[in-house]
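Here's a quick briefing to read with the model open in your viewer.

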Amino acid sequence: MSVGRIAVIGTGYVGLTSGACLASLGHQVVCGDVDAAKVAAMSRGEVPILEPGLDEMMARGLQSGNLTFVHGAAAAAAGARYILLCLPTPDGGDGRADLRIVHDVVAQIGPLLDPGAILVTKSTVPVGTAQDITETVDRADVAVVSNPEFLQEGTAVRNFMNPDRIVVGSTDRAAALAVAELYRDLGAPSVVTSAESSELIKYAANAFLAMKLSFINSIGALAETVGADVAEIADGMGFDERIGSKFLRTGPGWGGSCFPKDTKALATIAADHHVSFPLLEATYVSNDQAQDRLADKVRAAAGGSLCGVRIALWGLTFKAGTDDLRDSPALAVALRLAAEGAVLQGFDPAISKDVTAARDRPEITVVPDPYTAAAGAAVLVILTEWPVFGELDLLEVGRVMPGRVIVDGRGMIDDETAAAAGFSLVPIGRPAHHIVPA
Ligand code: UDX
């Protein structure tokens, strides 16, 4: 089926995954990026991000000729029927998304577009952006459609190929349906809406999930104090189909490139329109509290003061399965510990370089293996849910680590395993069981 060429502008997580996956569905896809070196590397089949399955998907696309990479937005957009804008929309500093990149690109490519072209916003953009883009392009023969993505880092390829739904919104219903058609082979239901609804759906979905996580984290804090167990509570809640069992795992708070930015942006959108929405503020205040609580546990485990105390950190990324450190709750907790004078040694399976030098991060000495991170430490803290952390040799950890406490911020280790290796475990979301360490 030839529906016309697809241009993808911007090859970050969303653009690259979307481009490679659309090519795998048989579409002709040209991805454009401003970074010439990155374009050259991707053309050789090199994947710039850690994303399971993306390398094979890209290799197949390059080999079949369905997927190509070019330098610049104009080169990709010229002659395309669909132009997917997958550009960064960072926090502008005041809680509002900064749309300068989107508008610059649209102004640049607008005059070059073929008649009948459809501009598709995949970037998360504030309500009204489709309308603004329509005005910037100022062409009656070009439609604008909002088509938000719901990809999770680490499972983006699987999410793309097995979507729960496809959302398309536009004032031009025929254009919206044409965009939905691109995904027809995936068999997901399409939700066809106005542009405004579609734009708001993305924010609403992310803020709702963040709220769900803040809720379970607060239930976890309560469970610790009343002698309950958050995992059991999540089980009991999750079977209720109206609640659902996903996103009920407690931890050191939520983070990543979307939830913090989108929750704040939605709060700003509400405030800008004079709509009171106190749940949003409570959602991120609760998240800060989750990080405070974990730092409190580490301080208590260290005997009341962190000044000069060596702490081992397992996990730095914002979740397992990604090398992304953006708004990582692990780093947020680390920052709190560093501010009180802790000496931090960190290990993360996806981070090999020193984050301090590389990314202007707190004083963490990043080491290449988990045992080196534990060497000389008074307390070991598990911050990211990498499965490997539940499988490591705690006896070996005990040999290199003088301290005898593990603060498990992700529920990776059980009390018996810790005790057998001579550790006491400080869990999250339930009281500590006082097993006498071996
Ligand atoms: C999120 C949305 O899920 C996705 O739909 C959107 O397109 C982009 O933002 P992502 O940023 O990849 O995806 O992260 P996600 O997997 O949703 O996790 C977000 C945070 O919540 C992480 O810090 C994670 O560790 C935390 N989390 C998630 C929990 O603490 N407990 C859970 O049960 C689930």
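At what angle do helix α9 and helix α12 pack? About 45°, with the two axes 9 Å apart. Keep in mind that this is a predicted model.

**α9 against α12**

- To find the pair, look for α9 at residues 195-226 and α12 at residues 278-301.
- As for handedness, α9 and α12 make a left-handed crossing.
- On the α9 side, the contact is made by Ala207, Ala210, Met211, Ser214, Asn217, Ser218, Ala221 and Glu224.
- On the α12 side, the partners are Leu279, Leu280, Thr283, Ser286, Asn287, Ala290, Arg293 and Lys297.
- Sort the residues of this α9 and α12 contact by class and you get seven nonpolar, six polar and three charged.

**α9 against α10**

- Helix α10 covers residues 230-238, and its axis comes within 9 Å of the α9 axis.
- The α9 and α10 axes cross at roughly 130°, and the two helices are therefore oblique to each other.
- The crossing of α9 past α10 is right-handed.
- From α9, the residues involved are Phe215, Ile216, Ile219, Gly220 and Ala223, and they meet Val230, Ile233, Ala234 and Met237 of α10.

**α11 against α12**

- Helix α11 runs over residues 259-272, and its axis gets within 9 Å of the α12 axis.
- These two axes cross at roughly 150°, so α11 and α12 are roughly antiparallel, the class for angles over 145 degrees.
- α11 passes α12 in a left-handed crossing.
- Thr263, Lys264, Leu266 and Ala267 of α11 meet Leu280, Thr283 and Tyr284 of α12.
- By class, the contact of α11 with α12 splits into four nonpolar, two polar and one charged.
- Leu280 and Thr283 of α12 turn up in the contact with α9 and again in the contact with α11.

**Around the ligand**

- How many residues surround the ligand? There are 20, and the closest are Gln152, Glu153, Arg249, Phe318 and Lys319.
- Lys319 has a polar side-chain atom 2.8 Å from an oxygen atom of the ligand.
- Leu151 uses its backbone instead: one of its backbone N or O atoms sits 3.0 Å from a ligand oxygen atom.
- Arg410 has a side-chain N or O atom 3.1 Å from an oxygen atom of the ligand.

Terms used: Residues are numbered from 1 along each chain as its sequence is written. This is a predicted model: local features need pLDDT of at least 70, side-chain atom pairs count only at pLDDT 80 or more; totals for chains, interfaces and linings use all residues. Side-chain values use heavy atoms; hydrogens and water are left out. Axes are lines fitted to C-alpha atoms, for helices over the stretch in contact, and angles run from 0 to 180 degrees between N-to-C directions. Helices (H or I, at least four residues) and strands (E, at least two) are DSSP runs, numbered from the N terminus. A crossing is left-handed if the near helix is turned anticlockwise from the far one by less than a right angle, and right-handed if clockwise. Contact means heavy atoms within 4.5 Å. Ala, Val, Leu, Ile, Met, Phe, Trp, Tyr, Cys and Pro count as nonpolar, Asp, Glu, Lys and Arg as charged, and the others, Gly among them, as polar. A residue is near a molecule or strand if one of its heavy atoms lies within 4 Å of it. A polar contact is a pair of N or O atoms within 3.5 Å; within protein, one must be able to donate a hydrogen and the other to accept it, and residues adjacent in sequence count only if both atoms are side-chain atoms. Angles under 35 degrees count as roughly parallel, over 145 as roughly antiparallel, 65 to 115 as roughly perpendicular and the rest as oblique.
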